[in-house]
Amino acid sequence: MERVAIVGASMTPFGDREGEWLRDLLAEAGADCLDDAGVDADAVDHLYVSNMASGELEGQTGVPNMLAHDLAAQPAYTARIDQTSSSGGAGIYAAWQSVASGASETTLLVGGEKMTHKTTGEATDVIASLTHPAEYKHGVTLPSFAGLTARLYLDEYDAPRESLGKVAVKNHENGVDNPKAQFRKAVDLDTVLESPIVADPLRLYDFCPITDGSAAMLFCPESVAREITDEYVVVSGVAGATDTHVVHERPDPTTMRGVVESSRQAYEMADREPEDIEFAELHDMFTILEFLQFEDLGFAEKGEGWKAIEEGRTERDGDLPINTSGGLKSKGHPLGASGVAQAVEVYEQLLGEAGDRQLDDPEIGLACNVGGFGNCVTTTILETPEAE
Amino acid sequence: MSDQQSDPEMTAYRYPDGSITYPGHPYGPGGEEPVGTVDLSEHTAEVVTWTTSTATPPGVRQPNHLAIVEFDVDGVPVRALGQLEKENVDIGDTVEPFHVEELRDPETGIREPESQDWDGFRFRPVE
């Protein structure tokens, strides 16, 4: 089977995009991506939009068709990919499938969400609507799942509370060098540890913000990519998996089986091992999630993930840099866009286009996009064409 | 929201392999349909973990104390998530469920009020 390539990528500035709505954001990222690839809109066969809640947040449905018209991409086939916070990763999987199957020769994926016009409580409730009725009626939110899990993790593995704070410090520091990040401001550990409690033991700086933004990627067969450009990456592995809908039914709440299973399949597809991954974008919606994914992706033994931040391994100059983009924590988390934006960072790092946060000639990177509290997960491995 | 003792059951489902889940599901492990129910309100449980959430959505008490607890039903572990009466527990503490008529205001959240029930069980320490 011919490999699937990514020949273009883009990302709008993330943050409070006052006066701009989902339609504007998607069109901006989609047009920028086509421009980056040097491909006309009428060449697009399939157009996917990763989005969680445009109807609930903005009262706008039918978004893929709207975008196809705004980009003049009709009669492209369109579909909306909703997998809550992992809609972007699921979109990558769908885009890869469309090209790998031969159904499409050129697939444009655009992820986006408009959120900042809602109060924090309203936005939190829209996100919490993914929970089971038995959870929702108790007022459970995704941040409260993080608090529950963080307390258990710290207790079970004797990890210091400060290690979670250091994740926030690292990712904010990386975000300073990302011109499109929502927060380009470094924070120190004391600030993190003294910020207001949101879900005990986690505090404000342990959480990502509410964000507007969009990101896009263009997929095609590698043979087509070679005709278009010398600057492309290949999707060597991609897979998705689920865990229980009811979070408390998991035997071990500190293990995300969706991460374990999706990465196992992605590694197998790419013929890679965790040791082959040179850097990764992880879904740090909450600082605790960086530890859980780090372990469940096979980068550390269970209960040892927190030691990586203490040892500096996940810093930009460490042996396995994590979230060079600033992560969701600093870059922002526009739900449907985040999984795509993670892959955009991997793409830019592989092509040497990451500016001041550029790593030293990486060839293999991974993105892990988590929906719910690990309810559904997509893991993607991208490589340079010549990666060994 | 009014608290009151009443007779409602905290119904968990038992499956052919002996496992029990709360809430129940139409199909359990191996795709098997449930074979019976268990009323967890008659049991005590141990706190697995807890949190206090200060950023609560519309219609939810603030702060909202929550816990995951584990029941032991004749040697079978069954976990549940629920509100705590107060922030006065720690991991490993023993708690008991008590019924509450309305856990959050159904009229102010995004979910259709008629789509689910809104009563349930909170947990409090066993004296």
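**Figure 1. Where chain A meets chain B.** In this predicted model, 34 residues of chain A are in contact with 32 residues of chain B. Four elements of chain A each give two or more residues to its side of the contact: α5 (120–128), α6 (133–136), α7 (142–157) and β5 (197–199).

**Figure 2. Two helices of chain A packed together.** Two packed helices are described by the angle between their axes and the distance between the axes. Here the pair is α4 (residues 87–100) and α15 (residues 335–350) of chain A. Their angle is about 60 degrees, and their axes lie 5 Å apart. The angle therefore makes α4(A) oblique to α15(A).

**Figure 3. Residues between α4(A) and α15(A).** From α4(A) come A:Ser87, A:Gly88, A:Gly89, A:Gly91 and A:Ile92. They meet residues of α15(A), including A:Leu335, A:Gly336, A:Ala337 and A:Ser338. A:Gly339, A:Val340, A:Ala341 and A:Ala343 also belong to the α15(A) side. By class, this contact has six nonpolar, seven polar and no charged residues.

**Figure 4. The fold of chain A.** Chain A has 15 helices and eleven strands. Its C-alpha trace spans about 55 × 45 × 40 Å along the principal axes. A compact globule of 388 residues would have a radius of gyration near 21 Å, and the 19 Å of chain A agrees with that.

**Figure 5. Inside chain A.** Buried residues make up 63% of the 388 residues in chain A. Among contacts in chain A with a separation of 6 or more, 77% join residues 24 or more positions apart.

How values were computed
Residues numbered from 1 in each chain as written. Chains lettered and ligands numbered in written order. Predicted model: local features only at pLDDT ≥ 70, side-chain atom pairs only at ≥ 80, totals over all residues. Contact = placed C-beta atoms within 7 Å. Axes fitted to C-alpha atoms, helices over the stretch in contact; angles between N-to-C directions. Parallel < 35°, antiparallel > 145°, perpendicular 65-115°, else oblique. Nonpolar A, V, L, I, M, F, W, Y, C, P; charged D, E, K, R; others polar. Rg over C-alpha atoms; globule rule 2.2 N^0.38 Å. Buried ≥ 20, exposed ≤ 12 C-beta atoms within 10 Å, placed from the backbone.
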